[in-house]
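Here are my notes for your first look at this one. Have the viewer open and follow the points in order.

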Amino acid sequence: MLAEVVGPVPIVPLSEMADLVRGVSYPKADAREEPALGFVPVLRATNIQDAKLVLDSDLVFVAERNVSADQLLRPGDIVVATSSGSKHLVGKSGQLPAAWQGSFGAFCATIRPRPGIHSRYLALFLQAPSYWRQISQKALGVNINNLRRGDLESLEVPLPSLAVQACIVAELEKQFSRLDEAVANLKRVKANLKRYEAAVLRAAVEGQLVQTEAELRDREGESFETGSQLLARVLLERRRRWIGKGIYQEPAAPGVEGLPPLPEGWAWARLDAVAALKGGITVDKKRRDSTARSVPYLRVANVQRGYLDLDEVKEIEAPQADVEELRLQPGDILFNEGGDRDKLGRGWIWEGQLAECIHQNHVFRARPYLAEVSGKLISWWGNTFGKDYFLREGKQTTNLASINMTKLSPFPVPIPPATEQRRIVSEVDRRLSIVREVEAEVDANLKRAQALRQAALAQAFAG
């Protein structure tokens, strides 16, 4: 046990245990994103992840003339993030375990343990609660949190003998090895749950999760309303609600090339054939309207793939006419316009979580014409097979992608019989509720593992 190893020890400033090396500064003209002869790989704060240094990605390469010999990293060096836009990131660190021909940038510093100091002991201290308490007091800034040289050098560190340092490191590594194995197993469980969830959703929208209505009715010799017949009722309601200029036009047939074959009794339809589509409100600080009032509205960040993140719902000044037109109703299907490629077309349904809420122009709303058309089923389809459609049809730039109403309207969606839709949704909800329960237990155990790690560190460096 650590308590058997650690007794009262002196507390000294970090400056007595290690040298501090400042990061490399360089003009933009001397940097590039790809390796080249005469250039040195340089770590940035983003390369410090989970108390480790990521050495094989997200590097910048800087001309050798900008890097001093002292700034080349050595095995045992500890790289610390000294500047960050988040108070939770400044002070994070990772240790270089072996030789690597590279350096580190200006928003980092390197702590280089002196002879007589166990480098791993010092690296572990930089993960301990006592270290983070000191960092939270030292890292100050209006928009950016910063650690100055003196902040790091004045850190108070317990300094036992080198032999005791080695004992502490050995005991912590033994405990962490067991915790790391447990965490790895838990993360594998989470990955398997994600794969299972994806398989359930894929089976649901392909008609393979429950018996089809056609199979059930054929066995009993009964007739049933097919997806095509349901679609005909939807189109009648669509025509009835139509408001516009000119003569009403029936929607065209959807393009289904490359899509999986539908089960017996299902039908294809364009999204705009089964739901009324609507764009949202534009954020305009210059808008002036005597009826305007503040209302909650959904942004792209709120509309995730398969769920809504409502932890932070912002408000917007909107004219009363816009509020009436854009007010979300339970069952509305939401699709993101895009942005980053992973956001393209992702979405979920509105379930009336807030008494009143509208949506911004980067979020599209699809409101089914009939309640028998399940918004959940369409959203699951959009979040699975729809990914390929949106990527293919969306407007693409280097890192961004977007869709517009013109591309969303013809999105092909499957229409099962109404009774089958209800059974599919019920079965998916049942299975996913089990997944969520297991995920919650896994997350609780991951937090428990982190708490155990911090408890061990707190005991080791109590001084």
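1. Strand pairing comes up below, so a definition to begin with: two strands pair if DSSP finds at least two bridges between them. Helices (H or I, at least four residues) and strands (E, at least two) are DSSP runs, numbered from the N terminus. With that in hand, look at β25, where Val363 stands opposite Asn336.

2. Some housekeeping. You're looking at a predicted model, in which local features need pLDDT of at least 70 and side-chain atom pairs count only at pLDDT 80 or more, while totals for chains, interfaces and linings use all residues. Residues are numbered from 1 along each chain as its sequence is written, and side-chain values use heavy atoms, with hydrogens and water left out.

3. Back to the strands. β21 (residues 333-336) and β25 (residues 363-368) are antiparallel partners, joined over 4 bridges. Both belong to an open sheet of 4 strands, ordered β16-β25-β21-β23 with antiparallel pairing. At the edges sit β16 (275-278) and β23 (347-349), each pairing on one side only. On average, neighbouring strands here are turned by 20° against each other, direction ignored. Which helix packs on the sheet? That's α10, which touches β21 and β23 and whose direction makes about 175° with that of β23. (Contact means heavy atoms within 4.5 Å; axes are lines fitted to C-alpha atoms, for helices over the stretch in contact, and angles run from 0 to 180 degrees between N-to-C directions.)

4. Now the charged side chains. A salt bridge is a side-chain nitrogen of Lys or Arg within 4 Å of a carboxyl oxygen of Asp or Glu. How many salt bridges does the structure hold? There are 35. Asp70, Arg74, Asp77 and Arg112 are linked in a network of them.

5. Helix α13 deserves a slow look. Its Arg436 meets Glu197 in a salt bridge at 3.1 Å, N to O. Glu197 lies in helix α5 (residues 162-205) and Arg436 in helix α13 (residues 418-460), so the pair ties together parts that are 239 residues apart in sequence. Glu197 is buried at 14% relative accessibility, whereas Arg436 is partly exposed at 37%. (Buried means under 20% relative accessible area, exposed over 50%, partly exposed in between, with a 1.4 Å probe and protein chains only.)

6. Asp429 and Lys376 form another salt bridge, 2.9 Å from N to O. This one links α13 to α10 (residues 375-383), with the two residues 53 apart. Asp429 is partly exposed at 31%, and Lys376 is buried at 17%.

7. Arg430 and Glu427 also pair up, with their closest N and O atoms 2.7 Å apart. Both are in α13, 3 residues or about one turn of the helix apart. Arg430 is partly exposed at 44%; Glu427 is buried at 17%.

8. Together with Val189 and Val438, Ile434 makes a nonpolar surface patch of about 200 Å². (Patches are made of residues with over 30% relative accessible area and no salt bridge: like charges are joined within 9 Å, nonpolar side chains (Val, Leu, Ile, Met, Phe, Trp, Tyr) within 5 Å. Accessible areas come from the Shrake-Rupley method with a 1.4 Å probe; for residues, only the protein chains shown count as cover.)
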